[in-house]
Amino acid sequence: MNQYLINILAGIDITDIIDILIMTFLVYKILGFIRSSRAEQLAKGLVIIILAAVISGVCHFYVVNWMLEKVLSVGLIALVVVFQPELRRALEYLGRGKFASKAFSMDMENIQANVDMIVRAVDYFSGRKEGAIIVIERETALLDISETGTIMDCKLSEEALENIFYKGSPLHDGAAIIRSDRILAAGCVLPLTSNPNLSKDLGTRHRAGIGITEVSDAVAVMVSEETGIISMAVDGKLNRFLDLKAIEKFLLNMYLNELDENQTALQKVKNSLRRKSDGTQKNA
């Protein structure tokens, strides 16, 4: 037995170890993604069908086994159709890698000003029980969503947000999309979440806020028109009964993390260009 194990280990080289580690990481990430989405229930159903096919074959249930095999034979097409929202989200997640990042142009002063204006506007809406939904664009571009509303492309300000969500405004029923330090569009229609586990008390505004964060990495801040309660949706998860300090802290951390990441990426590019320049001068 020991010799058998030694022979197996002797045939493993560094590439095999790297290959195993990569596959382990991929399986771990896929399982984590499945557990965090509606795909968990769908995956359980698929596993049950596969187990039923194996068991029916062992027990010689020929009719059942034949039917299940036919179902599995077209399983790939069925998976693409059934898992379409999850597959889209996964591909968008891959597309948000650092190699696909957009330029982030705000400095610390602009970040603080942005957050202050958003927080003051949310406080205004909450105090007057005016419904609002503010979507902050991050890596995933929301141009297709912005085209469902009115393109504004104006400087972000507390007054502009208050005018958008004023009850008499034609844009107050939709969402406002913020890109960097500008209001990209207002009156936008957002995709509603299809999560069946949400409370029945949640209205369309909250379901829309959750929905946009399920298909993108955007952050949605909602104010209830009935109660003035402040909520925030991130990565398809809703946080309710928030205060202004919590909103401010989250937005500041979000902007600062993006600023740090982009400055790091910019520094790497500069270092790479400097090394190439030094190599060219040496060759010359």
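Mentor: Let us begin with pairing: two strands pair if DSSP finds at least two bridges between them. Strands (E, at least two residues) and helices (H or I, at least four) are DSSP runs, numbered from the N terminus. In β3, the bridge partner of I136 is I178. This is a predicted model, in which local features need pLDDT of at least 70 and side-chain atom pairs count only at pLDDT 80 or more, while totals for chains, interfaces and linings use all residues. Residues are numbered from 1 along each chain as its sequence is written, and side-chain values use heavy atoms, with hydrogens and water left out.

Trainee: How do you know that β1 and β3 pair?

Mentor: Three bridges join β1 (residues 132-136) to β3 (residues 175-179), and the requirement is at least two, so the strands pair. They run parallel.

Trainee: What makes β2 and β7 edge strands?

Mentor: The open sheet has seven strands in the order β2-β4-β3-β1-β5-β6-β7, with mixed pairing. β2 (150-155) and β7 (237-242) each pair on one side only.

Trainee: Why is G209 called buried?

Mentor: The relative accessible area of G209 is 0%. Buried means under 20%, exposed over 50% and partly exposed in between (1.4 Å probe, protein chains only), so G209 is buried. The residue lies in helix α10 (residues 204-214). Leaving aside neighbours within four places in sequence, G209 is in contact (heavy atoms within 4.5 Å) with I133, L190, A220, M222 and A233.

Trainee: Why is the pair of Y124 and F125 called edge-to-face?

Mentor: Rings of Phe, Tyr and Trp (its six-membered ring) pair if their centres lie within 6.5 Å; planes under 30 degrees apart count as stacked, over 60 as edge-to-face and the rest as tilted. Here the centres are 5.9 Å apart and the planes are at 75°, so the pair is edge-to-face.

Trainee: What makes F125 and F165 an edge-to-face pair?

Mentor: Their rings are 5.5 Å apart centre to centre, with 75° between the planes. F125 lies in helix α7 and F165 in the loop between α9 and β3, so this pair ties together parts that are 40 residues apart in sequence.
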